[in-house]
Amino acid sequence: QVHLEESGGGLVQAGGSLRLSCSISGSIFSIKHMGWSRQAPGKQRELVALISGGENTIYADSVKGRFTISIDIAKKTVYLQMNDLKSEDTALYYCAADLRVNEGVAGRDYWGRGTQVTVSS
């Protein structure tokens, strides 16, 4: 079975940095894209960053210039470097991957359980 597990969340002061990691466990055939979303209390989940093809990236306007997404295909791990954190970045951060477990199976999304990021002002 395939599982995604996030790590690296925590409590940080405004202006600080955190690096989130998300690793895929289990055998897979290919990764179409991986990304990070977040959900703050009382708000809808929103896409934060997406990486496809190992290098094509998309960012939410609110994090452009502060967050960087990267991927290590060999390690099946995606990272989110978050700099200059603000109180409004406080949320539960989820990792997701659109992947295929083998050549004969269609790709689908897999989600992690999330890691909490709290930014104190």
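Let's start at the hairpin of β5 and β6. Three residues sit between the two strands. There, Gly53 takes a positive phi near 60°. Keep in mind that this is a predicted model. β6 covers residues 56–59. β5 and β6 run antiparallel, joined by four bridges.

Next, the core. How many residues does the largest nonpolar core have? It has 31. Trp36, Val78, Leu80, Met82 and Tyr93 have the most contacts inside it. Several strands give two or more residues to this core, including β3 (18–25), β4 (30–39) and β5 (46–52). β7 (67–72), β8 and β11 (115–120) are also among them. The top contributor is β9, with five residues.

First, Thr77. This threonine lies in strand β8, which spans residues 77–82. Is Thr77 buried or exposed? It is buried, because its relative accessible area is 5% and the cut-off for buried is under 20%. What does the Thr77 side chain make a polar contact with? The partner is the side chain of Ser23, at 3.0 Å. Leaving out residues up to four places away in sequence, Thr77 touches Ser21, Cys22 and Ser23, and also Ser70, Ile71 and Asp72.

Second, Leu92. You will find Leu92 in strand β9. Leu92 counts as partly exposed, because its relative accessibility is 22% and buried means under 20%. Its contacts, again without residues up to four places away in sequence, include Ser37, Arg38 and Gln39. Leu92 also touches Arg113, Gly114, Thr115 and Gln116.

How far apart are the C-alpha atoms of Leu92 and Thr77? They are separated by 19 Å, and the two residues are 15 apart along the chain.

To recap the two residues: Thr77 is buried, and Leu92 is partly exposed. That's my part.

Notes
Residues numbered from 1 in each chain as written. Predicted model: local features only at pLDDT ≥ 70, side-chain atom pairs only at ≥ 80, totals over all residues. Heavy atoms only, no water. Buried < 20%, exposed > 50% of the residue type's maximum accessible area, 1.4 Å probe, protein only. Polar contact = N/O pair within 3.5 Å; in protein donor to acceptor, adjacent residues only side chain to side chain. Contact = heavy atoms within 4.5 Å. Core = buried A, V, L, I, M, F, W, Y, C linked by side-chain atoms within 4.5 Å. Pairing = 2+ DSSP bridges.
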